[in-house]
Amino acid sequence: GWNFLASGILALGLLIFGRQILTLWLGEAEAGASTDVLLYLTVAYWLLAMNVVPHFILLGAGRIRLVEVSNLVAGFVSLLAMYMLVQNYGLVGFGVARIIYGVIIFLNIIYLVGYLREKNGKHST
């Protein structure tokens, strides 16, 4: 819960104030060119940040193969997406591909919830 709250607040701050931060940091011209990429990357890395705790819980629970396979699949799919999207959308394509990676990795949370429900069900009976 704390991970979700902390990463959500930071991501929301970047989504709301990202253009202003880029303008102060890089100037108006570069901020205008970079704002879209920042927004996509913010969403992508928010998805990944929410998966940090589940990632390590799954590793600690011995679900190493699941983590390994999900990372390999997400990496392959995002690499393929980057190849296809960058040709048409430029740097924004990289951001979208990272979101795709984040969504695939986010599926680990769904698996973790099911695993914990099953584990808790076994102990309560």
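This is a predicted model: local features need pLDDT of at least 70, side-chain atom pairs count only at pLDDT 80 or more; totals for chains, interfaces and linings use all residues.
Residues are numbered from 1 along each chain as its sequence is written, and side-chain values use heavy atoms, with hydrogens and water left out.

Helix α1 spans residues 2-26 and contains Leu15; helices are DSSP runs of H or I with at least four residues, numbered from the N terminus. Leu15 belongs to a nonpolar surface patch with Leu12, Leu14, Ile16, Phe17 and Ile21, and together these residues have about 540 Å² of accessible area. Such a patch joins nonpolar side chains (Val, Leu, Ile, Met, Phe, Trp, Tyr) within 5 Å, from residues with over 30% relative accessible area and no salt bridge. The areas come from the Shrake-Rupley method with a 1.4 Å probe, and for residues only the protein chains shown count as cover. Leu15 counts as partly exposed because its relative accessibility is 39%, the class between buried (under 20%) and exposed (over 50%).

The structure holds 1 salt bridge, defined as a side-chain nitrogen of Lys or Arg within 4 Å of a carboxyl oxygen of Asp or Glu. Arg19 and Glu28 form a salt bridge, with their closest N and O atoms 2.7 Å apart. Arg19 is partly exposed at 35% relative accessible area, and Glu28 is partly exposed at 48%.

In α3 (residues 52-60), His55, Leu58 and Leu59 meet Ile64, Leu66, Val67 and Asn71 of α4, contact being heavy atoms within 4.5 Å.

Note on methods:
Patches are made of residues with over 30% relative accessible area and no salt bridge: like charges are joined within 9 Å, nonpolar side chains (Val, Leu, Ile, Met, Phe, Trp, Tyr) within 5 Å. Helices (H or I, at least four residues) and strands (E, at least two) are DSSP runs, numbered from the N terminus. Buried means under 20% relative accessible area, exposed over 50%, partly exposed in between (1.4 Å probe, protein chains only).
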